[in-house]
Amino acid sequence: DWSLDATITQFTSAQTLDGTQNGTNVNWLGNSHDGHGANGWGSAALGAYNRASGVGSFVAGFMNVAGPTGSRITSIPPSTTNLGGQFAVGYGTQATGHAAFSAGEGTTASGHYTTALGRRSTASDYASMVIGQYNSSGSSATSATSFSTSAPAFVIGNGTASNAKSDAFKVMFNGDTTVSNDLTVSGDITISSDARLKSNIVSLG
C-alpha cells in the first residue's frame with residue numbers, strides 16, 4: 001500500500017492496554033484498534049505502538065492512532081468516505097476524523113477537520129479546535145461530519161478529570177461566546193446593537 005512503517009511493536013493493541021499482559025503492570029494510555037503499523041495507503045508510522053490507517057496519514061510517538069481504528073483505507077484520493085490526511089503525535093492520542101490533527105497526551109480529534117491539543121482534550125465537532133484539558137463542550141459531537149452553527153468552533157478546556165469536565169472559554173459557530181470567569185479588556189469594546197442609543201428599555205423575558 002505504498003507506506004512507510006518504522007513502528008516498534010511487541011504486543012497487540014489489547015495487550016498494551018492491559019498491564020498484566022504488557023509486562024509493566026501499567027495499563028498504557030491509548031486506544032483499542034485492530035493492528036499497529038502503517039497500513040493505510042501512503043501512510044507513515046514512526047515510534048512505538050503506533051497506527052496509521054488513513055490515506056496519507058502520519059503518526060509518531062507512543063501509542064497513537066492516525067485514521068480509523070477498525071478499518072484500513074487503501075483507496076485514493078482522501079475524502080470523507082476514504083478517510084485520510086490524519087496526523088497524530090504524542091502519547092495516546094488519536095486523530096480519527098477526516099484530515100484531523102491531534103497532539104499531546106490522550107487527545108482525540110474525531111470530527112472531520114478537527115484539531116485537539118493539550119491533555120485529554122476532545123474535538124468531536126466538524127472543523128472545531130479544542131485546547132487545554134478535559135473540555136466539556138465538544139467532548140461529544142453535535143455534528144461530527146457536517147458544519148453546524150449549533151456546534152462549538154473553539155474551546156479551551158479546564159477540567160480536572162474525565163468525570164469533572166469544564167471549559168474556560170467557548171466560541172460557537174454562530175458567534176456566541178462564553179467566558180467562565182472574569183474578562184479583562186484593556187481597550188475599547190464596540191457594540192453593534194443600537195441599544196446604547198435608547199432609554200427606558202424594558203426586558204420582555
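A salt bridge is a side-chain nitrogen of Lys or Arg within 4 Å of a carboxyl oxygen of Asp or Glu. Keep that rule in mind as we walk through this structure. The model is predicted: local features need pLDDT of at least 70, side-chain atom pairs count only at pLDDT 80 or more, and totals for chains, interfaces and linings use all residues. Residues are numbered from 1 along each chain as its sequence is written, and side-chain values use heavy atoms, with hydrogens and water left out.

How many salt bridges does a search of the whole structure find? The search finds three. Take E105 and R119. Their side chains form a salt bridge, with N to O at 3.4 Å. E105 sits in strand β9 (residues 101–105) and R119 in strand β11 (residues 115–119), so this pair links distant parts of the chain, 14 residues apart. Strands here are DSSP runs of E, at least two residues long, and helices are runs of H or I, at least four; both are numbered from the N terminus.

E105 also meets R120 in a salt bridge, at 3.9 Å from N to O. R120 lies in the loop between β11 and β12 (122–123), 15 residues from E105. Shared partners join E105, R119 and R120 into one network.

How open are these residues? Buried means under 20% relative accessible area, exposed means over 50%, and partly exposed lies in between (1.4 Å probe, protein chains only). E105 has 27% relative accessibility, so E105 counts as partly exposed. R119, at 35%, is partly exposed. R120 is partly exposed too, at 27%.

Now turn to R51 and D34. These two form a salt bridge, and their closest N and O atoms are 2.6 Å apart. R51 lies in strand β4 (residues 51–52), while D34 lies in the loop between α2 (19–22) and β2 (37–38), so the pair ties together parts that are 17 residues apart in sequence. Is R51 buried or exposed? R51 counts as buried because its relative accessibility is 0%. D34, at 40%, counts as partly exposed.

What does T7 touch? Contact means heavy atoms within 4.5 Å. Leaving aside neighbours within four places in sequence, T7 is in contact with G37, A45, L46, G47, A48, Y49 and N50. With A45, the side chain of T7 reaches the backbone oxygen at 3.3 Å.

How values were computed
Polar contact = N/O pair within 3.5 Å; in protein donor to acceptor, adjacent residues only side chain to side chain.
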